[in-house]
Amino acid sequence: MGRGWKILIGILLTLAALIAVNAIVTESETKNAEVNEPGGRILHLRGGDIQVVERGPRDAPTIVLVHCFSCAIDWWDRMIPLLDRTHRVIAVDMLGHGGSEKPSSGYTIPNQADLVAQALARMGATHVEAVGHSLGGSVVTGLAERSPQLVDRVVIVDTPPTHHEASLGLIANAAFAPVIGPALWRIKPDFAVRKGLEVAFAPGFDVPDEFVEDVNRMTYASYHDSPGGSDDYSKEDGLDRRMRQSGKPLMVLMGAEEQIVEDPAARLAEYRRAYPGTQTHLIQGAGHSPNVERPAETARLVLAFDKPKTPADTANRKAAVQRRLQNREAVRGQP
């Protein structure tokens with residue numbers, strides 16, 4: 001063997017060793033929780049430290065918002081102002097996301113759901129309408145299963161009953177490859193992250209810079225393990241069957257221009273077949289994230305789903321909301 005070949009082989013072996021070391025280091029990286037949302041605070045809970053944001057009157061009916069994979073509380077920014085006029089809104093950063101702690105493990109759906117339950121209990125919230133987007137849809141299903149005393153009804157946004165016909169796209173999937181995945185994660189440029197996020201919206205949607213930053217805040221472990229936890233959960237039993245067993249009222253929303261979930265209309269029909277009485281809506285002009293792309297319509301549906309059933313309850317709810325709005329105006333008018 002010539003000297004040149006020996007040098008080349010030596011270089012390749014060195015590169016392979018560096019890639020292997022990088023994989024070990026990258027996969028073991030952790031991050032502490034830190035507040036990065038206006039008005040956010042950290043709750044120190046069993047299983048991890050979680051960032052929450054609270055808006056609206058504390059005595060109003062509560063809506064809890066749980067975001068999607070590789071996302072954070074800011075994916076609800078366009079909806080929260082439409083909800084907190086009449087509701088107490090609690091938005092949660094899941095473990096491994098946003099400002100919450102990013103440990104090396106703990107990304108199963110039961111653990112994520114239990115952390116949300118602990119956060120709600122700590123904040124004195126009960127009888128909530130739990131709204132989950134994508135990965136968050138699995139988490140609020142787990143919340144309804146495991147802590148039924150906290151949940152009155154559930155809204156699932158663009159989460160199929162099972163994930164057998166869903167894909168995060170080529171760029172996102174490349175980061176899950178053994179050894180190579182951690183290397184790609186370490187060197188990922190913002191333009192590649194932005195390109196990977198495009199599948200979360202209808203074609204042509206302009207991905208906000210802050211959503212790119214949400215991905216960059218994650219560790220490789222939180223990125224790699226979070227979707228696997230959701231896949232395992234729905235493989236054990238579909239979300240439609242789990243919700244039927246919970247008995248909680250369910251509404252499912254999906255964007256008509258989905259790029260992640262194949263045939264969203266058919267997936268909505270699966271929910272209706274498995275759990276009769278489920279409300280479903282296909283939102284035109286939206287892809288995988290109607291909470292971002294069509295916030296007014298999504299908020300309208302969420303609020304309508306929370307309406308009481310009896311005329312008396314409806315009148316009482318309207319009167320209470322009117323009193324809160326009048327009190328707000330009175331406070332604003334004070335010198």
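Contact here means heavy atoms within 4.5 Å.

**Figure 1. Overview of the predicted model.** The chain comprises 14 helices and 8 strands. Of its 335 residues, 50% are buried. Among contacts in the chain between residues at least 6 apart in sequence, 76% link residues at least 24 apart.

**Figure 2. Packing of helix H7 on helix H8.** H7 spans residues 190–197 and H8 spans residues 209–216. Their axes lie 9 Å apart and form an angle of about 105°. Angles of 65 to 115 degrees count as roughly perpendicular, and H7 and H8 are therefore roughly perpendicular to each other.

**Figure 3. Residues in the contact of H7 with H8.**

**Figure 4. Helix H3, residues 109–122.** With 14 residues at 1.5 Å a residue, H3 should span 20 Å, and this agrees with the 20 Å between its end C-alpha atoms. The buried residues of H3 are Ile109, Gln112, Ala113, Leu115, Val116, Ala117, Gln118, Ala119 and Leu120. An α-helix has 3.6 residues a turn, so residues three or four places apart point the same way.

**Figure 5. The two ends of H3.** At the start of the helix, a side-chain oxygen of Thr108 comes within 3.3 Å of the backbone nitrogen of Asn111. After H3 comes Gly124, which has a positive phi near 70°.

Note on methods:
Residues are numbered from 1 along each chain as its sequence is written. This is a predicted model: local features need pLDDT of at least 70, side-chain atom pairs count only at pLDDT 80 or more; totals for chains, interfaces and linings use all residues. Side-chain values use heavy atoms; hydrogens and water are left out. Axes are lines fitted to C-alpha atoms, for helices over the stretch in contact, and angles run from 0 to 180 degrees between N-to-C directions. Helices (H or I, at least four residues) and strands (E, at least two) are DSSP runs, numbered from the N terminus. Angles under 35 degrees count as roughly parallel, over 145 as roughly antiparallel, 65 to 115 as roughly perpendicular and the rest as oblique. The expected span of a helix is 1.5 Å times one less than its number of residues. Buried means under 20% relative accessible area, exposed over 50%, partly exposed in between (1.4 Å probe, protein chains only). A polar contact is a pair of N or O atoms within 3.5 Å; within protein, one must be able to donate a hydrogen and the other to accept it, and residues adjacent in sequence count only if both atoms are side-chain atoms.
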